[in-house]
Amino acid sequence: MKVLVFTNLYPNNLCANHGIFVRQRMAHAARQNHWDMRVIAPVPYCPPIVRGRRLAYRNVVRLEQIDGFLVYHPRYAMIPKIGMGLQGLMMALSLYSMVRKVQGEFSFDLIDAHYVYPDGFAAILLGTWCHVPVVVSARGSDLNLLKEFRIVRGMIRYTLRRASAVVTVSRALRDVAISLGTAQEKINVIPNGVDLGRFRRVSPPEARALIGLPITGSRIILSVGRITPSKGFDLLVQALKTAFLRRGRKDLLLVIAGEGEFRSSLQGLVDRNDLTDHVRMVGEVPHEQLPLYFSAADLFCLASEREGWPNVIVESLACGTPVLASPVGGIPEILRSERVGLLVERQIEALAAGICEGLQRDWKPDEIRAYASQFSWSQTSKALKDVFKAVVKPPITHQRSQPSHVIG
């Protein structure tokens with residue numbers, strides 16, 4: 001089978017971690033299922049007069065090879081801030097000629113689109129024009145957040161209705177898709193997996209030494225993600241302060257791995273609370289180094305406002321590190337046992353109490369890692385194979401509809 005992956009959520013020569021979860025899913029699936037795969041990962045066109053962070057788009061290469069697959073980075077027209085309602089259409093129109101050219105030399109059987117809008121919407125149009133089916137994967141904020149915008153909501157509904165199949169990474173997202181009018185029988189719940197070969201436990205003292213964290217004297221709390229308000233890093237900082245003042249914990253070190261536009265504001269909050277010796281922001285960490293950070297931590301925390309299926313939680317569990325997280329999105333579907341983690345409300349007091357309880361518990365790292373083994377990329381790849389085969393070779397008409405595929 002020839003698969004064309006279509007998404008802006010894919011690594012490039014400047015951002016190795018961008019959309020790493022899409023790269024992992026498709027690389028594992030392509031190899032396990034013996035698919036021939038190419039990737040179109042568009043970036044916005046940036047004219048020479050533009051300044052600021054968008055200027056970096058000009059330095060993204062047009063073509064590269066990742067995991068042995070060709071990855072194209074064509075440009076598409078985008079009007080910043082005011083053009084959200086047009087972005088999907090502009091993406092499709094900008095890339096049509098390029099997609100047809102790829103189709104001429106690589107006769108793909110389907111388009112695998114990630115992120116419902118604008119990518120999925122554009123892929124639906126391109127699939128119609130190229131006469132191939134489209135599978136659309138919903139990953140979190142594309143349904144949880146963008147559906148709140150009236151114009152975009154209509155385009156999301158259109159995308160989900162026209163897709164040959166819809167994949168959601170959690171049951172929670174499946175329910176959102178159904179609420180938007182998607183036929184239940186076309187939805188397939190396929191969570192992301194974890195690479196158990198890469199994410200495995202390293203001795204905590206060894207891990208701490210390798211990444212420059214205190215080997216003794218500190219209980220380390222780790223949080224990983226893009227530094228935005230919705231991730232709740234500010235709540236973790238305030239929970240840390242609460243644990244200091246009201247619970248007598250003076251040995252805590254919060255390590256935040258990630259970058260984002262909220263970083264300077266977060267640093268200001270740390271400074272105002274006199275926590276500079278107890279909060280360390282290490283910036284964006286290469287994916288291959290994350291196992292060292294998970295292994296170095298006593299507790300991993302994620303205080304998100306919304307999530308689809310956060311890979312960082314499964315990766316932490318694979319390294320034998322327990323998790324404290326807010327009960328949003330697909331997180332309760334991952335943390336189904338208090339033997340591997342705790343769910344607490346997204347409030348400062350609750351997080352502070354959860355941190356203290358999590359550090360007092362006698363966790364068993366081997367048991368936590370064994371729990372994580374149920375989330376394998378092999379299982380994900382097999383489920384994707386079933387979905388793609390059904391789309392490329394539809395069942396005979398007039399047969400009774402089969403129930404949607406759910407794993408995890």
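This report covers the overall build, the nonpolar core and some backbone details of a predicted protein model.

## Basis

The model is predicted: local features need pLDDT of at least 70, side-chain atom pairs count only at pLDDT 80 or more, and totals for chains, interfaces and linings use all residues. Residues are numbered from 1 along each chain as its sequence is written, and side-chain values use heavy atoms, with hydrogens and water left out.

## Overall build

The protein has 15 helices and 16 strands. These are DSSP runs, numbered from the N terminus: helices are H or I with at least four residues, strands are E with at least two. The radius of gyration is 22 Å, close to the 22 Å that the globule rule gives for 408 residues, so the protein is as compact as a globular protein of that length. The radius is taken over C-alpha atoms, and the rule is 2.2 Å times the number of residues to the power 0.38. Along the principal axes, the C-alpha trace spans about 65 × 55 × 40 Å.

Contact means heavy atoms within 4.5 Å. Of the contacts between residues at least 6 apart in sequence, 71% join residues at least 24 apart.

## Surface and charge

Of the 408 residues, 55% count as buried. Buried means under 20% relative accessible area, exposed over 50%, and partly exposed in between (1.4 Å probe, protein chains only). The accessible surface comes to about 17,700 Å², and carbon and sulfur atoms hold 51% of that. Areas come from the Shrake-Rupley method with a 1.4 Å probe; for residues, only the protein chains shown count as cover.

There are 51 positive and 35 negative charges, and their mean positions are 6 Å apart. Lys and Arg count as positive, Asp and Glu as negative; His and the chain ends are not counted. Each charge is placed at NZ of Lys, CZ of Arg, CG of Asp or CD of Glu.

## The nonpolar core

The largest nonpolar core has 138 residues. Such a core is a set of buried Ala, Val, Leu, Ile, Met, Phe, Trp, Tyr and Cys residues joined through side-chain atoms within 4.5 Å. Leu 143, Ile 313 and Leu 317 have the most contacts inside this core. Helix α3 (residues 116–130) gives the most to this core, with 9 residues.

Helix α11 (residues 311–318) is mostly covered, with 8 of its 8 residues buried. Ile 313 and Leu 317 are among them, as are the polar Asn 311, Glu 315 and Ser 316. Beyond its neighbours within four places in sequence, Ile 313 contacts Phe 300, Leu 302, Val 323, Ala 325, Ile 331, Ile 334 and Leu 335. Gly 320 follows α11 and has a positive phi, near 80 degrees.

## Around helix α3

Most residues other than glycine have a negative phi, and most peptide bonds are trans. The peptide bond from Tyr 117 to Pro 118 is cis, with omega near 5 degrees. Pro 118 lies in helix α3.

Tyr 115 sits in the loop between β7 (110–114) and α3. Its phi is positive, about 85 degrees, although Tyr 115 is not a glycine. Tyr 115 is buried, at 18% relative accessible area. His 131 lies in the loop between α3 and β8 (134–138). His 131 has a positive phi too, near 60 degrees, but is exposed, at 71% relative accessibility.

Thr 159 belongs to helix α5 (residues 150–162) and is buried, with a relative accessible area of 0%. Leaving out residues up to four places away in sequence, Thr 159 touches Val 116, Gly 120, Phe 121, Ile 124 and Val 136.
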